[in-house]
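I opened the model to look up a few things.

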Amino acid sequence: MIVNFDFPRTVDQLVDDFFVSADFVGGSRYATFPVLDVVEYDKECVVVAEMPDVKKENLKLTVENGRLTISGERKPSEIPKDARVLLSERKVQDFSRTIRLPRGVDANNISAELQNGMLRIVLPKSEDVRVRTIAIK
């Protein structure tokens with residue numbers, strides 16, 4: 001019996017999982033597309049993902065077990081018949097990126113918008129986890 005074991009990647013994944021397990025963003029350095037920014041505000045968290053050449057109908061967002069997954073397909077651009085490709089560095093592939101949701105996100109009211117190649121996902125916080133100021137009498 002032959003067992004294929006990708007030692008460097010497995011160890012890197014274990015290290016990544018250990019150091020990010022309590023953090024908001026999960027994953028590893030192998031999940032590089034889409035590139036993400038995550039910002040937290042008092043009432044919500046916002047995830048912004050770069051989606052160049054990705055159409056709305058080729059995207060899928062799912063929430064399951066406290067994780068948000070952005071997946072889809074990046075299709076090739078049309079090249080005219082009289083053109084010749086001299087360099088092509090853009091990857092054309094299926095992609096998937098998962099992040100952990102912060103504690104207290106109201107998963108039923110998550111919204112998303114794709115505009116100018118940027119996907120903006122708003123993760124509203126539940127009332128019970130928002131910071132409140134208590135008036136002293």
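I take contact to mean heavy atoms within 4.5 Å. The model is predicted, so I keep its limits in mind: local features need pLDDT of at least 70, side-chain atom pairs count only at pLDDT 80 or more, and totals for chains, interfaces and linings use all residues. Residues are numbered from 1 along each chain as its sequence is written, and side-chain values use heavy atoms, with hydrogens and water left out.

**Serine 71**

I looked up what serine 71 touches. Leaving aside neighbours within four places in sequence, serine 71 is in contact with Asn58, Leu59, Lys60, Phe95 and Ser96. Is serine 71 buried or exposed? Serine 71 counts as buried because its relative accessibility is 17%. The scale I use is buried under 20% relative accessible area, exposed over 50%, partly exposed in between, with a 1.4 Å probe and protein chains only. Serine 71 lies in strand E4, residues 67-73. Strands here are DSSP runs of E, at least two residues, numbered from the N terminus.

**The sheet around E4**

I then traced the sheet that holds E4. It is an open sheet of 3 strands, in the order E3-E4-E5, with antiparallel pairing. Two strands pair if DSSP finds at least two bridges between them. The edge strands are E3 (59-64) and E5 (94-100), each pairing on one side only. The twist averages 15 degrees from one strand to the next. For such angles, axes are lines fitted to C-alpha atoms, and values run from 0 to 180 degrees between N-to-C directions. E4 and E5 run antiparallel and are joined by 7 bridges.

Next I followed an open sheet of 4 strands. Its order is E1-E2-E7-E6, and the pairing is antiparallel. E1 (36-40) and E6 (111-115) are the edge strands, each pairing on one side only. Neighbouring strands of this sheet are turned by 15 degrees against each other on average, direction ignored. E1 pairs with E2 (residues 44-50) in the antiparallel sense over 5 bridges. Glutamate 40 has cysteine 45 in E2 as its bridge partner.

**The largest pocket**

Last, I looked at the largest pocket. How much space lies in it? I noted about 180 Å³. A pocket is an open set of points on a 1 Å grid over the protein atoms alone, where a 1.4 Å probe fits, with protein on both sides within 12 Å along at least five of seven lines; lining residues have an atom within 4 Å of a point. The volume is the space filled by probe spheres set on the points. Of the 13 lining residues, the closest to the centre are Pro76, Ser77, Ser88, Arg90 and Val92.
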